[in-house]
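Please keep the sequence and the coordinates at hand while reading.

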Protein chains: 2
Amino acid sequence: MFHFWTISQESFDPRHLHHIETIFTIGNGYLSTRGAFEEGYPGDRRATFVHGVFDATPVAFTELANAPDWLPLTVLLNGERFGLDRGTIESFQRQLDLRTGMLTRTIRWHSPSGYIATLIFERFASLADPHTLFLRCRVMPEFEGTLEFRAALNGNTDNDGGGYRLTHWRWAGQGARGHAMYLRNRTHHSNIEFAGAMRLTPIAGRELSREVWDVENTPTLVVKMEAMSGQEVIVDKFIAAFTSRDVEAEHVVDAAVERVQGITGWSAAFDAHAQAWREEWARTDVIVEGDDEAQLAIRFNLYHMLIAAPRHDDRVNIGAKTLSGFGYRGHSFWDTEIFMLPLFTHTAPHIARNLLNYRYRHLPAAHAKAKANGWEGALFAWESADTGEEVTPTWLPDPNNKTRLVRIWTGDLAIHISADVAYAAYQYWQMTGDDPWFVEKGSELILDTAKFWASRAEWNAQQGRYEYNNVLGPDEYHDRVNNNEYTNRLAQWNLQTALKTLDWLRRHAPAKATELIERLDLNETRLAKWLDVIDKIWLHTEPNGLIEQFEGYFQLKDVNLADYEPRTRSMQEIFGVEGANEYQAIKQPDVLMLLCLLRDHYTAEIMRINYDYYTPRTDHTYGSSLGPSITAIMSCEVGKPDDAYEHFIRAGRADLHDVRGNARDGIHGASAGGTWQAIAFGFGGLRITPEGWSIHPRLPRHWKRLAFKFFYRGELQIVDIKV
Amino acid sequence: MFHFWTISQESFDPRHLHHIETIFTIGNGYLSTRGAFEEGYPGDRRATFVHGVFDATPVAFTELANAPDWLPLTVLLNGERFGLDRGTIESFQRQLDLRTGMLTRTIRWHSPSGYIATLIFERFASLADPHTLFLRCRVMPEFEGTLEFRAALNGNTDNDGGGYRLTHWRWAGQGARGHAMYLRNRTHHSNIEFAGAMRLTPIAGRELSREVWDVENTPTLVVKMEAMSGQEVIVDKFIAAFTSRDVEAEHVVDAAVERVQGITGWSAAFDAHAQAWREEWARTDVIVEGDDEAQLAIRFNLYHMLIAAPRHDDRVNIGAKTLSGFGYRGHSFWDTEIFMLPLFTHTAPHIARNLLNYRYRHLPAAHAKAKANGWEGALFAWESADTGEEVTPTWLPDPNNKTRLVRIWTGDLAIHISADVAYAAYQYWQMTGDDPWFVEKGSELILDTAKFWASRAEWNAQQGRYEYNNVLGPDEYHDRVNNNEYTNRLAQWNLQTALKTLDWLRRHAPAKATELIERLDLNETRLAKWLDVIDKIWLHTEPNGLIEQFEGYFQLKDVNLADYEPRTRSMQEIFGVEGANEYQAIKQPDVLMLLCLLRDHYTAEIMRINYDYYTPRTDHTYGSSLGPSITAIMSCEVGKPDDAYEHFIRAGRADLHDVRGNARDGIHGASAGGTWQAIAFGFGGLRITPEGWSIHPRLPRHWKRLAFKFFYRGELQIVDIKV
């Protein structure tokens, strides 16, 4: 079974450098580090991202700052520097052990002058103590002479954004204390301090000399070892990292130095780390038998969710590209609540709560956004970073003409985000039964978003109905549409759930009810308006059971996507941004997304009718990476598990196989989170009912077994389906 | 007289750090280095700019890349690092010797632990061999122990732009050869290679040890010296720099290493350098007696022109902020041709020719810009960098609201640049009599711009006249105006001069005439059109002799600027961008600019009438830095040399006193160049006539003597006015 825990690379091809860096990202929920090489490689995209460490950037307002680099470790064989861009690579192997997040690289290399050695690099970011990072280098020389190891902390990092490279850090000091060296940096705009401290320790072999190279912004420890043919030399580089988000700014250096000095050794640290990982997998693992690829893919996706999940911090969210790349600059979208959060709600409620608290903290920013647009209540930012303010770019340079701009509408129009947050909060409460949290925070999230929806509704006197016009639904091929069914129905659900919530609060937490009624001004007139909107919101199902994605969608030109196969571009690229608006081709499930979220509210017949209509009109291959997992669930719902498998495996492969060609920018977090939903809600058919939970297995024909776990009201539940 | 050659700073105040860095920039026409400290200072804006080394940047398309830093030299007193942000500064003095471009800093400093020393840093960028740079550190310790010197080349530089910091260089190698270390870097987008090589040599004192710190992108040479109280220790850091603009990319390292190894020592290098400076000043110096401030100010401005002037390269231009700061990103404007070039045309024709050749090289880009707008001939870029393409930003983020943009119109509408270039080419020819150049290049510049003007003219059938509508004249408080007199009259001048040029070519270089007629398609129809435009171009002088700046200007609200005094903001800031369009207040001379350039074409009466009208309506203090020197000339023309002095000294002080608060962004090149014009054309009254030249002195009352030099037809002329 070992095989299904290991992602392997058997040869080195620099053409896939950035993709592989993403795949081999390690992390611990505090920070993540892309799988770049210790010694560097020309054009690499080395990056470490620390949750919440944002700094200002042009156009996109703010971005996760690529942190000072803890990886550098160069090795010299008799003075010749090891690197994959020189000498001869005789063999190369790289492995990521998903069970422990241990990344290992083994190279047999000939230096340009002919010195031969086998080098093994191992690294992990401790899950037991997320401020500590471990790197080991083992060298088996086949020559006599010297091996030199140079370990650095490098503050000269930059961010890759739109082809330009921005620096976020200024040097703020460095020095040596005992065996440790430290480096301190500060972000240019947000003034966040970062301190790294390192030690470099020979473990095997004879030490010849040591030096400290106190170069500004790149403090370096150098140790020279004797090389004897056939005798392994081992050195360990230990790092500790703290930011002023963790401790007071004046203590970041002390904290890092003390922590690195307290490390007792590789084995002890690894044991604690591996134990922490065992506990994670004990809750999270999914077993698939009969399909090795699916087994490995689901674990790979779960691994990337687990390393990105903030366990100890409720001021941060997970970016659309997790912490594994520069894509979307670390900004968070509805991807969190609708695609990633269900995994945590079901398998790690403490993480789900942290993520929901992040939204709760940003209610003031959500009020400000609603107010700036003339509405009430909480309108969350479509793209959100450290403050909760809207950080969607309003315009981007036109890639085809640098003097022109393209207007980006999502930040203005994708208002469904508010209902998505409310939905996630309610789902968390239903699964966990975490009443204290719901009283303190969750209820307010639901009531405050409901307040927004009631104020945002436009009364159409002629038609006698409420409308949400000029919006952007889940399907981004159609912008500035009216009465998107997903938006309207979730707004209605949000208002209905708010009334239920208020009723529940009045009965179970009357003081809180009184406080919220007072603070949110939930007077009778307002609540009457809520009922009126619930009653008269525009919703439209054709007599044949077909739901119209938005007003006028059925009047658009129909399209047979098969006519465009084979293709390597999205339908939007083929039709153009304006052209895509004229066709029924959609980027991702929209009506089906609604049916998936509210699957208890729709009949099997409605699901089938809409599945049959919308699925062939969806750009599964080059549309949104958010689509396949949802389509997999819906395929199961309509009794087509083998179709579901095609969509599921497309999601599972998204990053491993780089099927969209952009895995270099980071892991597709929504796709990764969605694979778990496809497992549990799709193939497992997990449903929550007032009485508890039930499963309705519908496995692909070739699967022999599916097992997964989840917490229900605090108790771990185990599902094990064998066929 | 020594005093009038020295810019001194007698104490250190970090609040003026960036301003002083600009003032103390050294350079040699190949590169310039801001006056940052060798050891660094928190928040400093250290920068070296090499002519022509541009790299892509967002919004502004391209910018001069802050080159790898050759300055770093840190000194440790018994292990304690010297820096002005720690310990105690007992005395501080800094001097820039304008005669030689030698920058000297003397500090008596107490380390935190109480070690005392006097440190003297000297630096110069050789004018004799512009690829070599020299730095000397002299330390007089008052303690026993060690002095450690760490000299680095640092490739981790960034560009300061709009509050963000962009990197332009990637590491491309480093190493040691003999006593020298080298560093090689490459720009991200333009792929220009830069190699620096350095040596660190003890000159006085006893050497204890040496180390090489081979840290990636910051190679460092370290030498430890014995410290004995009262015994001076001296070390020299020599640097050589080459780019792939100078030699083939594969030879940049060899070139830098060989050059640095060939340096024979400080004294020999300085002697050659000082001799080169003597030759510069022998042509350029201006003597003012009776006014010490004016004497020093004019030399200061001439110094900054001389260090920015490209002596050996005709592929580059001088940026609006010379090579001394990040302002305007190294882009060149009409500032070169109209404000700076006359100095070189008169005192260093070989430099003027280089600058004009830069425009000649960019005729293809000027054709492309005209063609893209539907016109013919050569329309030069308003902002120009390495390719001659338009690099004016089309939009900039609104500083008051980051989600909004401000449209920048100059790149579209400030078409007078084409006539400005033609004017400068003609002036160069008139002064130098450089017929070979005029035949080969200058004539084409004039004919090709004339072709543009004829195609750009709009026929108004109703009025029976040609018009230039929707333009931006010199005064930028009024954009999108019609029939700006400056633009229309210079267009007419350009067409007239083109016909004269063609006539001259037919007589003196008939083969070239034939070639150009053929190549530029100067057929009879086209030339007839030129005559027609010259004849019927909209030009407007009121019966009272007043020229209207543009059509409708006199209908704008009048304004008494005195009513707004005292003020610290421009009138545009007070009125707002749109508001300023409604008033007669102007940013800088526009009609007077025209009268200044074509002063032989207007009567004294017309000058006086327009001077009296426009001068009080000009924002002399916070409008354009281009204005004061021109107003000084015109004040002299109307017989008011004491008024002229006020304007002249405002220009002279612009950067020395940081009167506009933005000297941190670099030297105001147009203002610096304009001070020489105010001297020669204003106070000296220099005029070129068909018979030769004449002067008409009109000195400020307190001046006792004014002397300046210029070349006329290859012969150095000396003007020495004593009163």
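Buried area is the accessible area, taken with a 1.4 Å probe, that two parts lose on being put together, summed over both. The model considered here is a predicted one. In these terms, chain B and chain A bury about 2800 Å² between them, and 61% of that area is on carbon and sulfur atoms. To this contact chain B gives 29 residues and chain A gives 30 residues.

Charged pairs also occur across the interface. Side chains of opposite charge can pair when their charged atoms come close. Between chain B and chain A the count is four salt bridges. B:Arg150 and A:Asp214 form a salt bridge in which the closest N and O atoms are 2.9 Å apart. Over all chains, the structure holds 132 salt bridges. Within chain A, a salt bridge joins the side chains of A:Glu90 and A:Arg108, with an N to O distance of 2.5 Å. Because A:Glu90 lies in strand β9 (residues 88-97) of chain A and A:Arg108 lies in strand β10 (residues 102-110) of chain A, the pair ties together parts that are 18 residues apart in sequence.

The discussion now turns to helix packing. In chain B, helix α10 (residues 435-456) packs with helix α13 (residues 524-536) at an angle of about 70°, and their axes are 10 Å apart. Angles of 65 to 115 degrees count as roughly perpendicular, so α10(B) is roughly perpendicular to α13(B). The crossing of these two helices, α10(B) and α13(B), is left-handed. On the side of α10(B), the contact is made by B:Leu447, B:Ala450, B:Lys451 and B:Ala454; on the side of α13(B), it is made by B:Arg526, B:Lys529, B:Trp530 and B:Val533. Sorted by class, the contact of α10(B) with α13(B) has five nonpolar and three charged residues, and no polar ones.

How are α7(A) and α10(A) oriented to each other? Helix α7 (residues 363-372) of chain A and helix α10 (residues 435-456) of chain A pack at an angle of about 5°, with their axes 11 Å apart. Angles under 35 degrees count as roughly parallel, and α7(A) and α10(A) are therefore roughly parallel to each other. From α7(A), the contact takes A:Leu363, A:His367 and A:Ala370; from α10(A), it takes A:Glu444, A:Leu445, A:Asp448 and A:Phe452. The residues of the contact of α7(A) with α10(A) comprise four nonpolar, one polar and two charged.

Finally, some features of the backbone deserve attention. Most residues other than glycine have a negative phi, and most peptide bonds are trans. In chain A, the bond joining A:Glu565 and A:Pro566 is a cis peptide bond, with omega about -10°. A:Pro566 is located in the loop between α13 (524-536) and α14 (571-575) of chain A. In chain B, the peptide bond from B:Glu565 to B:Pro566 is cis, with omega near -5°, and B:Pro566 lies in the loop between α13 and α14 (571-575) of chain B. B:Phe61 has a positive phi of about 70°, although it is not a glycine; B:Phe61 is placed in strand β6 (residues 61-64) of chain B.

Notes. Residues numbered from 1 in each chain as written. Chains lettered and ligands numbered in written order. Predicted model: local features only at pLDDT ≥ 70, side-chain atom pairs only at ≥ 80, totals over all residues. Heavy atoms only, no water. Axes fitted to C-alpha atoms, helices over the stretch in contact; angles between N-to-C directions. Helix = DSSP H or I, 4+ residues; strand = E, 2+ residues; numbered from the N terminus. Parallel < 35°, antiparallel > 145°, perpendicular 65-115°, else oblique. Left-handed = near helix turned anticlockwise from the far one by under 90°. Contact = heavy atoms within 4.5 Å. Nonpolar A, V, L, I, M, F, W, Y, C, P; charged D, E, K, R; others polar.
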